[in-house]
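Here is a friendly briefing to read alongside the sequence and the model. Please keep the 3D view open as you go through the points.

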Amino acid sequence: MTQQKTPTTGAKTESSRWKLSSGFVPIYIPILFLIPALLLLFAFRYIPAVSAIFHSFTYWNIPEPGEFIGLQNYRALFDDPIFIKSLGNILKYMVGRTALVLVMAFVGAELVYNLSSDRWRNIWRMVFTIPMVIPITVNLLVWQQVYAGRQGMLNEFLTGIGAMARPYPWLGRPDTALPALIFIGFPAVAGFGFLIILAALQNLSSEVNDAALIDGCSRLRRVFAIDLPAIRGPLALILILSLNLGMQEFAPMLVMTQGGPINTTMSPAYYLYIQGFTYGKHGYASAIGTVLMLMTLALSIFILRMRYRRAYDVAV
Amino acid sequence: MSRSKAWRRDWPLMLILLILAIITYVPFVFTVINSFKINAQFFQQFWLPTLPLHPENYVRAWPAMGKAILNSFTYSIPTLVLTLVISGLAGYAFARYRFPGRNILFIAILALIMIPGILLVIPMFSVIIALDWGDTLQGVVLPWVSVEIVFGTFLMRTFFETLPQEYFEAARLDGANEFTLLFRIAVPLAIPALSTLAILDLLFSWNDIIWPLVAIFDSDRLPVSIGVLSFAGQYGTDYGVTFASYVIASLPLIIIFAFTSRRFMDGLSGGLSI
């Protein structure tokens, strides 16, 4: 997306200079370099994408060919109470999860950034990076143990300090299951968001900070008045990634709740998986996927618009 | 700034960071501690280690988990090599050559980021069935590579564009051809970018569960991400052994990270932005 920026004049002269000096590079060279990528992308990305959209209008049970049935899948889909419920669930999950991750990544990054010792900064950065390499399924299974009704860490802790009289099955009750999934990995500092924000903060010029400090700007005020606007690019990136990944979330549901109790943690992506690979309704599942894709596209375009509307830090 | 002054300024931040870190790590430390207990010990003492330690939990978890780790490497290493080669070539072509349709092609590749992976799983499953690629190496690896090269091409193009043109011009004047330029100049300079991509790719292929669930039917060929899940399903009531399997499953990447931590963290410091 960076590529859409207008090139500066410097880059332009450079590229024309480049063109002159390499005027004799035959066209087949770049094509040769691109062929492997294009072959794979066509076989496993572009053609399947078209195929998925096409098959959302069919009754399809692999390996049988699809049988065209018009809009029937879509009609059934919007009459399907479980699918409708999953849309509401994923909306809550997406917003809750993104808010948690974004705020905590920012808080963590600011805390580390404001330390005066480089050594400690590196140590904390390391501390909050290591959990990222723990396999996601292991993380989910460990957190299943955190929330477990019997021998669960959260229950043992809360009953231990006397905050609760008896253990509570966090994942087993409709009112707490979805919030429990949102809070997986609490405090959610350790993640890509933290690394990206910290890197962005460390790239800010120290002159602005020093000037603000001399003018009597407090550290807390600087965080909101200078840091926050200056790193809106990386923040928008994390926002888009987090919302998009949230929209397609299905691993926590698959590993921890199987969409239950009473579908309170059913997500569209997990519902697609069940419809496609448990019931073999591949056309119906493709329709779910197509709706999911349209929602993802709409969301991304909306955020990018918000980001670049009256933006003063980038040339559009 | 003197040491004590810095400390006086920093200690509240350090305290908050310490609390955040403790909450982050408690579940994992708990898992490691309890992986050395048998059930009777676990029910008696929940949080703290108790003697005697039971390392045989690891012996019992190892056969299944060791196989799953081996499977994961079997899928991840070819994925890694292909991703680096293909993204490197494509990124280089976009960064260094002008050709008709270059920008449209690049945007068409980037647009793939917007398409949910789960949407493509069903048609890809039909391709795998049609080619009879279920349970095969290529059936797992090639779709994975196709996912990774989208971001990879973007990353490598951005990197190659930062290399000074003069390097290439000088070598060309000395009579180097296009392939020499690529392999003798671009590739050695691209080692940091390639390692960032390698680590991201490894994290992806190690963690993905949807595609192996769909493309692998034989439980002896499952990678760690799913192996640990089915192992927990079988041994769920034997807490010590289950926790031991979690620890074993986490070790390979932690070991790799221990040797590449600087590179891993610096890779993102280029400042991703939109």
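Q151(A) is partly exposed, because 15 other C-beta atoms lie within 10 Å; the cut-offs are buried at 20 or more other C-beta atoms within 10 Å of a residue's own, exposed at 12 or fewer, and partly exposed in between, with C-beta atoms placed from the backbone. This is a predicted model, in which local features need pLDDT of at least 70 and side-chain atom pairs count only at pLDDT 80 or more, while totals for chains, interfaces and linings use all residues. Residues are numbered from 1 along each chain as its sequence is written, and chains are lettered from A, with ligands numbered from 1, in the order in which they are written.

- Although Q151(A) is not a glycine, its phi is positive, at about 60 degrees.
- Q151(A) sits in the loop between helix 6 and helix 7 (153–160) of chain A; helices (H or I, at least four residues) and strands (E, at least two) are DSSP runs, numbered from the N terminus.
- In chain B, D132(B) is a residue other than glycine with a positive phi, near 60 degrees.
- D132(B) belongs to the loop between helix 5 (117–131) and helix 6 of chain B, and D132(B) counts as exposed because it has 9 C-beta neighbours inside 10 Å.
- The peptide bond from I62(A) to P63(A) is cis, with omega near 5 degrees, and P63(A) is placed in the loop between strand 1 (58–59) and strand 2 (67–68) of chain A.
- Another cis peptide bond runs from L51(B) to P52(B), with omega near -5 degrees; P52(B) lies in the loop between helix 2 (39–44) and helix 3 of chain B.
- As background, most residues other than glycine have a negative phi, and most peptide bonds are trans.

**Helix packing around helix 12 of chain A**

- Helix 12 (residues 232–247) and helix 15 (residues 282–308) of chain A have axes that come within 10 Å and cross at roughly 165 degrees. Axes are lines fitted to C-alpha atoms, for helices over the stretch in contact, and angles run from 0 to 180 degrees between N-to-C directions.
- That angle is why helix 12 of chain A is roughly antiparallel to helix 15 of chain A (under 35 degrees counts as roughly parallel, over 145 as roughly antiparallel, 65 to 115 as roughly perpendicular and the rest as oblique).
- On the helix 12 side of chain A, the contact includes A236(A), L239(A) and L243(A), and on the helix 15 side of chain A it includes L292(A), M295(A) and R307(A). Two residues are in contact if their C-beta atoms, placed from the backbone, lie within 7 Å.
- The residues of this contact between helix 12 and helix 15 of chain A comprise nine nonpolar, three polar and one charged. Here Ala, Val, Leu, Ile, Met, Phe, Trp, Tyr, Cys and Pro count as nonpolar, Asp, Glu, Lys and Arg as charged, and the others, Gly among them, as polar.
- Helix 9 (residues 192–203) of chain A packs with helix 12 of chain A at an angle of about 170 degrees, their axes being 9 Å apart, so helix 9 of chain A is roughly antiparallel to helix 12 of chain A.
- G193(A), I196(A), I197(A) and A200(A) of helix 9 of chain A meet P234(A), L237(A) and I238(A) of helix 12 of chain A, a contact with six nonpolar, one polar and no charged residues.

**Core and interface**

- In the largest nonpolar core, of 158 residues, I197(A), I288(A) and V228(B) touch the most other members. Such a core is a set of buried Ala, Val, Leu, Ile, Met, Phe, Trp, Tyr and Cys residues joined through C-beta atoms within 7 Å.
- Not counting residues up to four places away in sequence, I197(A) touches A105(A), F106(A), A109(A), I231(A) and P234(A).
- Between the chains, 83 residues of chain A are in contact with 76 residues of chain B.
- Helix 2 (residues 28–55) of chain A supplies the largest share of the chain A side, 15 residues, and that side has 57 nonpolar, 21 polar and five charged residues.

**T137(A)**

- T137(A) is found in helix 6 (residues 136–147) of chain A and is buried, because 24 other C-beta atoms lie within 10 Å.
- T137(A) and V255(A) are 118 residues apart in sequence, yet their C-alpha atoms are 7.3 Å apart in space.
- Leaving out residues up to four places away in sequence, T137(A) touches V255(A), I209(B), S225(B), V228(B) and L229(B).
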